[in-house]
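Trainee: I would like to go through this chain with you. Please put the sequence and the model up first.

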Amino acid sequence: MTETYDDIRTAVRSLCQTFPPSYWRELDAQRAYPEAFVKALTEAGYLAALIPERWGGSGLGIAAAAAILEEIHKSGGNGAACHAQMYTMGTLLRHGSAAQKDHYLPAIARGELRLQAFGVTEPSSGTDTSRIRTTAIRDGDGYRISGQKVWTSRARHSDLMLLLARTTPREQVGKPHEGISAFLIDLREAEPPALTIRPIRTMMNHATTEVWFDDLRVPGDTLIGEEGKGFRYILDGMNAERILIAAECIGDARWFIAKATDYAKDRVVFGRPIGQNQGIQFPIARAFAATEAAALMVAKAAGLFDRGAACGAEANMAKLLAADASWQSADMCVQTHGGYGFAEEYDVERKFRETRLYQVAPISTNLILAYLAEHVLGLPRSY
Ligand SMILES: Cc1cc2nc3c(=O)[nH]c(=O)nc-3n(C[C@H](O)[C@H](O)[C@H](O)COP(=O)(O)OP(=O)(O)OC[C@H]3O[C@@H](n4cnc5c(N)ncnc54)[C@H](O)[C@@H]3O)c2cc1C
């Protein structure tokens, strides 16, 4: 918990300064992908932070990766365009074969291959992953994949997709989450009608899509690990995902707090700065306290994760507290800005829309609370 990664933070901040608020604002208006930003991050090696050095990455831990994403968000940017590469790669790293790792990881580390798409959620199953309907049926030495995914972010900006599909029907397995397998699909080799990707326009600039698989033939070596164990492999990566997204929330919260504080000092109404009024000061101070507390939990979870210790409770609490702190800070920031909180040129409304997502995705607040109630407090399972 003591390492603060100041060098990394300074370097990321200076990279982010070359992408000013106007860059993000214009992309937001066009709902366009931040191609230049992702390229710069890739070339600087940040997206390969978690890839071990033997495959060309920096071999850093989750705390360092969290520092990178926090700084991006604190600078007013958004890591959602590429953050998944950091945590989806973990499934390949932990459960992929030696051949798969040697084939993919160096190319991902060099930035020649993007692994940014993660296909789990489906229209009819929602949060209940055990009910996914996408199937992968054995066919000779490969599989045939059919089904539909929704909210598959960055699928149009990724070369590879980590996909969950059923290889054994739910009725034929002992536990609901068995019989689901993980595949690493090469999107470059797939074309309509076997694979169709359509963008979904959302309230913020997020390159998310719907994906249809119609008898897509994939080779057998796209399977990761053992057939039927895919859900467990994905679960292993969930703590990393929670911690990294929590770090983005902390970055957002700190951006909102700095923005509101500056504005409250400058804006003069009734002959004095609005920040002199406790009605303005206190919500800023409250958001600040909530953010600092959440940041401690993020650091605790990251520290446990990097030591290889169990951190399910801490990673979930970090995501919960950080998402709440960023949303509290966002609301406070709009209120502090009055009417200008709604004006595009202040960036507050954009960040407000962006940070709202974390109450829902990648895991909704309710499901985190249910996890804590059941697995940490020992209360009866509620669903
Ligand atoms: C912009 C965006 C990007 C995304 N990117 C990806 C991606 O890249 N890959 C991917 O696979 N998915 C992605 N998702 C999907 C995201 O993970 C899901 O939206 C999220 O997990 C919630 O699932 P759902 O939308 O189906 O909601 P539902 O499961 O239908 O739930 C709806 C509401 O009911 C609540 N709820 C459901 N069950 C319970 C219960 N038992 N107890 C209490 N409350 C409950 C939920 O908390 C939620 O608030 C993305 C979503 C968005 C919006």
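Trainee: Is H4 largely enclosed by the rest of the structure or left open, and how many of its residues are buried?

Mentor: This is a predicted model, where local features need pLDDT of at least 70, side-chain atom pairs count only at pLDDT 80 or more, and totals for chains, interfaces and linings use all residues. Residues are numbered from 1 along each chain as its sequence is written. A residue is buried if 20 or more other C-beta atoms, placed from the backbone, lie within 10 Å of its own. H4 is largely enclosed by the rest of the structure, because the buried residues number 12 of 13.

Trainee: Which elements cover the buried residues of H4?

Mentor: The buried residues include Ile62, Leu69, Glu70 and Lys74. Helices here are DSSP runs (H or I, at least four residues), numbered from the N terminus. Contact means C-beta atoms, placed from the backbone, within 7 Å. The cover includes helix H1 (6–17), H5, helix H7 (230–266) and helix H8 (278–306).

Trainee: Why does the span of H4 agree with its length, and what is the distance between its end C-alpha atoms?

Mentor: The expected span is 1.5 Å times one less than the number of residues. For the 13 residues of H4 (residues 62–74) that should give 18 Å, so the model agrees: the end C-alpha atoms are apart by 18 Å.

Trainee: Which residue with positive phi follows H4?

Mentor: H4 runs over residues 62–74. The residue that follows has a phi near 100 degrees, and it is glycine 76.

Note on methods. Helices (H or I, at least four residues) and strands (E, at least two) are DSSP runs, numbered from the N terminus. Two residues are in contact if their C-beta atoms, placed from the backbone, lie within 7 Å.
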